[in-house]
Each structure stands twice: as structure tokens, then as C-alpha cells.
Amino acid sequence: MFRSAIWLALTLVSLSVADMTSAQDLVLSNATIIDGTGAPPRAGVSIIIRNGKIAEIAEGARTGDTTIDLKGRFVLPGLIDAHTHILSADAAERALLSGVTTARVPGDRYLRGMGTRDLIRGGHVRGPELLCAGGIVRPVLGEFFILPFPEFGRYLNERLSGSENVSAVVRALLDRGVDLIKVGASERAGLATTDPRRQELTEEEIEAAVREAATEGKFVAAHAHAEVGAEGAVRAGVRSIEHGTYMNDRTLALMKEKGTYLVPTLAIMSPLGDPRTDDANDIALRIRTWHMQTALREVVKKAHRMGIAIAASTDGSYGDGNDTARVRLQHDMEELVSIGMTPLEAITAATATGADLLGISDRTGRISVGLEADLIVLDRDPLKDFRVIYEPLVIVNNGEVVLNRYYPNPYDER
Ligand SMILES: [Zn+2]
């Protein structure tokens, strides 16, 4: 009697749990899946979404509590922008509504990206999941780095150098809760007085940063245009090279050997990235872009031929009216196709490769059972008409439909 009472109680509990979960089912029915792995499209399947995750991928049409009958339309993983500077709630929402469900923010001002990340995590703001580096660790930190870290006030007047000092700055960032570390291995491109071919932190200093970050299982991304800066950073064990404009073949070979990712930020180097304003720094950058873009395209072509993992990114802000605000991840995907990727490879660069780079492929970046339901729906086959990627009809973020501009087309039935 006692036993059967327990059995009955357990049955009731499991029944009610089953009822609750099925009550939350969202089904994308009759879809064609491009799963992010590079596998060919798979038609005639349904994605069953429960508790924010992909619960099942079933053959044929299915129904749930909410069913979207896609009539064969294409479902891709939500896009991953591997290098963006989303620093506000507005920008985060704009990124999400362009199809980006995850983004890495390597470089911050006044920790605004971190604040935006935490507002999204707290459910106060709609946006992609953000992984943030805080400010960039480089010889000249700048006021926007130092203001939230007044203990480093001396670096307003001094250059940051020496492995111990670099480690201390990295430690402070880790203690503040960053998701990764970004170091400057060569100077910035976008200022009239800087030279992108000049090295910043030394190999030893970057090695110290990599070691410190590793104590918390965090990766280091290196901003590097310069030949020597990039090579030192790769040898020092960074996870990724950002830009990589003037990298030589030896560095590329080393990246291949060590599994270092390349985040080339091609779109921002295109005429699209040309600043609108006429201030001196913007003009300097615009003129440089004419040289840098050509050099970078050659590097990316080689890297792709060598099989180096390349992740798509904007290096843009998704902001309102500033220089880089116009770039969307789709622009970079199209640039990657123009340097020799197939459309399918460019989709992988903007999904699975991004997740691998960020170390979160156990959660997102592919369409696979158990992963977060981060998905976008496209009207047509992007392998035949790539520009359809610019217009996601439905965007699902952690199982929540954040955009739905899809309606059954009466012509579908004919
Ligand atoms: Zn950047």
C-alpha cells in the first residue's frame, strides 16, 4: 500500500511535469535545416523546442502548442558575431533583430558592453548572449579603460609594460567577471597617429596574459594587424587573431598547427566601413583601408585554402549613426564568399565556427538536440540565393520567438 502510494505520487508528478513541458512546445514544422556543421540541407523535418532548447528533430510535419508551418522554408542556427562592439541596450536589440543570437565583445568602453551583457542576462533587455572582454589590454589603456579601474590610474601617464603588470591588469578584468581577455598585439588602424604595422605588447607579455586568463579557463583574443605582432601572439598561445592584415605565411602555418582562429573582420575593411565624417582620424582610416583591405583579402584567401578556422564578424557597433554602425554580419558572410568560401562554408563561419571559437559549442552554434534553440528562418535556399540571409523572417533566441514576420503565403498552396 505504502509502495503503491509512492508509485502513484511519482506518476502524478511525472504526468504533471510532462503536461507542463508539452504546454511550452514550440514547433517549427516542415522545415529545411542547414545545421551549421557544413552538412547539406535536410528537408522535411520539424524542430521541437522545449524549455529554450532543441528537444527533438523529427521527420515530417509535427504540431505543438505553438506551431509555425514553414512549408519547406530554411532554418539556420542563430548567427554568431565573433567580433562586435555592442555597448548599449539599443545596439543589442538591433543585433538580435538582424539574426545575431550570440556575440563576442572584444573591447569595451567604460565597461558598457559588460553592463549591457548583464542587463540581457537579467532579462531586462532583449539582445544576443554577449561574451565580453572589458577594455583592451595594451600599452596605452586610455581613460575609457581606466575609469572603472582607478587602481590603474598611473597608466593614464605611463605605458603598461612588463609581464607582471600585464598579469595584474588581466587579473583585475577577470575579477570583474569578463568572459575573455583581449590584448593589443599591434597598433590600431583607425587613428592618424598610430601605425597598424607596429607591435604593441610583446610575446612575453601576451604569454603572461594567456597564463593568467587560463587560471579561470578564459581565452585571449589578440588584435593584430602587424606581421611581428601577430606572430608573437600566436606563439604566445592566443585563441584568435583579430584582423591579421599583414600576417605572413609563417604565421599562418603556425596558426594552422596550433589551431588558432582567424577573425578577419573583412566587412569593416570594405568601403562599407568607410566612416561618414570628415574628421582627420576618419580620413586617415579611409585612406588606409584602400591598402589594408587588399592585403587582408589575400591573407584570408590563403588562410581559407590552408584550412584555418575563420569566424565571421562585423567589428561594428550596431549603434545609431556612428562610423561602424552600418555593418551587419551578413555583409561579412558575403565578403567571405567573395574570397572563396562556398555559401555553406560562410554559414558555418557565422555559426558553428563562432561557437567553437567562443568555447560554447556545447550550448549553441548548431542545430542539434540539446542545444539552445537559437534559430533563424529564411524564405529561400541561401545556397542558391545567398542574399536571402539579409532577411531573417523568424528569429528564435533561447526558444523565444523574438521576431516573426512570416505568414503562410497563399501561393505556397498552389
Ligand atoms: Zn574591434
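My entries follow, grouped by what I looked up.

**Ground rules.** I am working on a predicted model, where local features need pLDDT of at least 70, side-chain atom pairs count only at pLDDT 80 or more, and totals for chains, interfaces and linings use all residues. I number residues from 1 along each chain as its sequence is written, and my side-chain values use heavy atoms, with hydrogens and water left out.

**The sheet.** I began with the strands, and I take helices (H or I, at least four residues) and strands (E, at least two) as DSSP runs, numbered from the N terminus. I found four strands in an open sheet, ordered S9-S10-S11-S12, with parallel pairing. Two strands pair if DSSP finds at least two bridges between them. At the edges I noted S9 (181-184) and S12 (261-263), each of which pairs on one side only. From one strand to the next, the twist averages 25°; the axes are lines fitted to C-alpha atoms, and angles run from 0 to 180 degrees between N-to-C directions.

**Walking across it.** I counted four bridges between S9 and S10 (residues 220-224). Here Ile181 has Val220 as its bridge partner, and Lys182 stands opposite Ala221. Which way do the side chains of S9 point? Ile181 and Val183 go one way, Lys182 and Gly184 go the other way, and all are buried (under 20% relative accessible area; exposed is over 50%, partly exposed in between, with a 1.4 Å probe and protein chains only).

Next, four bridges join S10 to S11 (residues 240-243), and His223 is partnered with Glu242. Three bridges then link S11 to S12, where Ser240 has Tyr261 as its partner.

**The zinc ion.** Which protein atoms are its donors? I found His83 (NE2), His85 (NE2) and Asp315 (OD), lying 2.1 to 2.2 Å from the zinc ion. I count as donors N, O and S atoms within 2.8 Å of the metal (3.2 Å for Na, K and Ca), and water is not among the atoms, so sites may look incomplete. Along the chain the spacing is H-x1-H-x229-D. His83 is buried, at a relative accessible area of 1%.

**Arg117.** Buried or exposed, I wondered about Arg117? This residue of helix H3 (residues 112-121) counts as buried because its relative accessibility is 5%. Its side chain makes a polar contact of 2.8 Å with that of Asp179 (a pair of N or O atoms within 3.5 Å; within protein, one must be able to donate a hydrogen and the other to accept it, and residues adjacent in sequence count only if both atoms are side-chain atoms). Not counting residues up to four places away in sequence, Arg117 touches Leu130, Cys132, Gly177, Val178 and Asp179, where contact means heavy atoms within 4.5 Å.

**Glu93.** My last stop was Glu93 in helix H2 (residues 89-97). Glu93 counts as partly exposed because its relative accessibility is 29%. Its C-alpha atom is separated by 4.7 Å from that of Gly127, 34 residues apart along the chain.
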